[in-house]
Amino acid sequence: MSSSGRRWEAPHGSTPNVAPRSELWHHGGMGYLDMKKLARPLALARDFEGAIRLLVSHAETHPDDAADALAHAGELAFEVNTAPQPPVEAAATLVFQGDRGRAEALFRAALERSPEHPQALYGLARALPEKSIERIERLTVATTARPTYLGLLDLGDSLRSVGRDYRAAYAAYSRAHELDPRQRTIYMKLADICTKLGKPEAATEWRAKWQQRRERDKPSVKGQALEVVVDTAGWTRCPACNRRFGVDNAGVFADGRHRCGQALTLRPASLRE
Ligand SMILES: [Zn+2]
C-alpha cells in the first residue's frame with residue numbers, strides 16, 4: 001500500500017463491513033493526492049486500464065475529489081491504444097490511437113461535478129474534433145479559468161479557422177502575447193489577423209514590433225563574451241557570424257566586439273600548450 005500516513009483506519013469499536021478484497025476498502029480513507037500516487041506506478045507500467053479504474057472508483061466514493069480524479073483518468077484514456085494492430089509479421093509500424101471517446105466521457109463527467117475545472121476543459125477540447133464549435137466554447141471557458149499561452153493560441157486558431165471570428169481571435173492572440181511576448185509565432189498571427197480585419201497598418205506594426213523585440217533580445221546573447229583562440233598571425237574566427245578576421249584590424253574588431261556585434265574574449269594560441 002501507499003507509504004503515505006493517511007491510511008484507512010476502522011473507527012473504534014466497529015468492524016469494516018466491506019470485505020478487504022475490495023479495492024474500495026483499501027483506499028477508503030485516502031485523499032486524491034494519495035490516489036494519484038497509487039495510480040502513478042500503474043500508469044508508468046502502462047497499466048492505464050488499472051489506473052483509470054482506480055481513479056474512477058475513487059471518484060465514486062469521494063465527491064470532493066471526483067472532478068480531479070475523473071480529469072486525471074481522462075488524460076490517461078488518451079494513452080490507451082484503441083487502434084487495431086496489423087498482424088505481427090506485417091507490422092512495420094505499430095499504430096497508436098488514444099481512446100478519445102472514453103477521454104471525452106471522463107472529462108464530461110468531471111465537468112458535471114465542477115463545470116470550470118481547467119484540466120477537464122482543456123482535456124475535453126483535446127478530445128473534441130477540431131471543427132467542433134463546442135471546442136471553441138470549452139477553450140473560451142478554460143482560458144478564462146486558467147489562461148495559458150498554448151491554450152490561447154489554440155483558441156485564437158480555432159476562432160479564426162472554425163468560427164471565422166477574427167475580432168475574437170485577435171483578442172485571444174493578444175492575451176497569448178501578453179503571457180509570452182518572446183514568441184515570434186504570436187506576432188505573425190497577430191499581423192495576419194489584422195490583415196484579415198482589414199487593418200494593414202496594424203499588421204505592419206505587429207511585424208515591426210517583432211523586429212524590435214528581436215533586436216532587443218539580441219544584445220543579451222551577443223553581449224555574452226565568447227572565447228576565441230587567436231593564431232600566431234593574429235587571426236581568429238567569430239563563432240557568431242563564422243567570419244575570419246585579424247584582431248588588429250580596428251575596422252572589424254574594436255572594444256572587445258566583432259563587427260557583427262558579438263563580444264569576444266581573445267586567447268593567444270600559445271597559451272594552449
Ligand atoms: Zn562576428
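**Exercise 1. Which residues are buried in helix 6?**

*Solution.* The model is predicted: local features require pLDDT of at least 70, side-chain atom pairs count only at pLDDT 80 or more, and totals for chains, interfaces and linings use all residues. Residues are numbered from 1 along each chain as its sequence is written.

Step 1. A residue is buried if 20 or more other C-beta atoms lie within 10 Å of its own, exposed if 12 or fewer, and partly exposed in between, with C-beta atoms placed from the backbone. Helices (H or I, at least four residues) and strands (E, at least two) are DSSP runs, numbered from the N terminus.

Step 2. By this criterion, Gln119, Ala120, Leu121, Tyr122, Gly123, Leu124, Ala125 and Ala127 are buried in helix 6. Helix 6 is thus mostly covered, with 8 of its 10 residues buried.

Step 3. The cover over these buried residues includes helix 4, helix 5 (100–113), helix 7 and helix 8. Contact here requires C-beta atoms, placed from the backbone, within 7 Å.

**Exercise 2. Determine on which side of helix 7 its buried residues lie, and what they pack against**.

*Solution.* Step 1. Arg135, Ile136, Arg138, Leu139, Ala142 and Thr143 are the buried residues of helix 7.

Step 1. Because they cover an arc of only 165 degrees around the axis, they fall on the same side of helix 7. The arc is that of the directions from the helix axis to the C-beta atoms.

Step 2. Ile133, Glu134 and Thr144 are exposed on the other side of helix 7.

Step 3. The buried residues of helix 7 pack against helix 6 (118–127) and helix 8 (149–161).

**Exercise 3. State where confidence in the chain is lowest and where it is highest**.

*Solution.* Step 1. The pLDDT is the predictor's confidence in each residue, from 0 to 100. The chain averages 84, and 84% of the residues score at least 70.

Step 1. Confidence is lowest in helix 1 (residues 23–26), at a mean of 40, and highest in helix 9 (residues 166–179), at 97.

Step 2. Where pLDDT is low, the predicted coordinates should not be read in detail.

Terms used:
Two residues are in contact if their C-beta atoms, placed from the backbone, lie within 7 Å.
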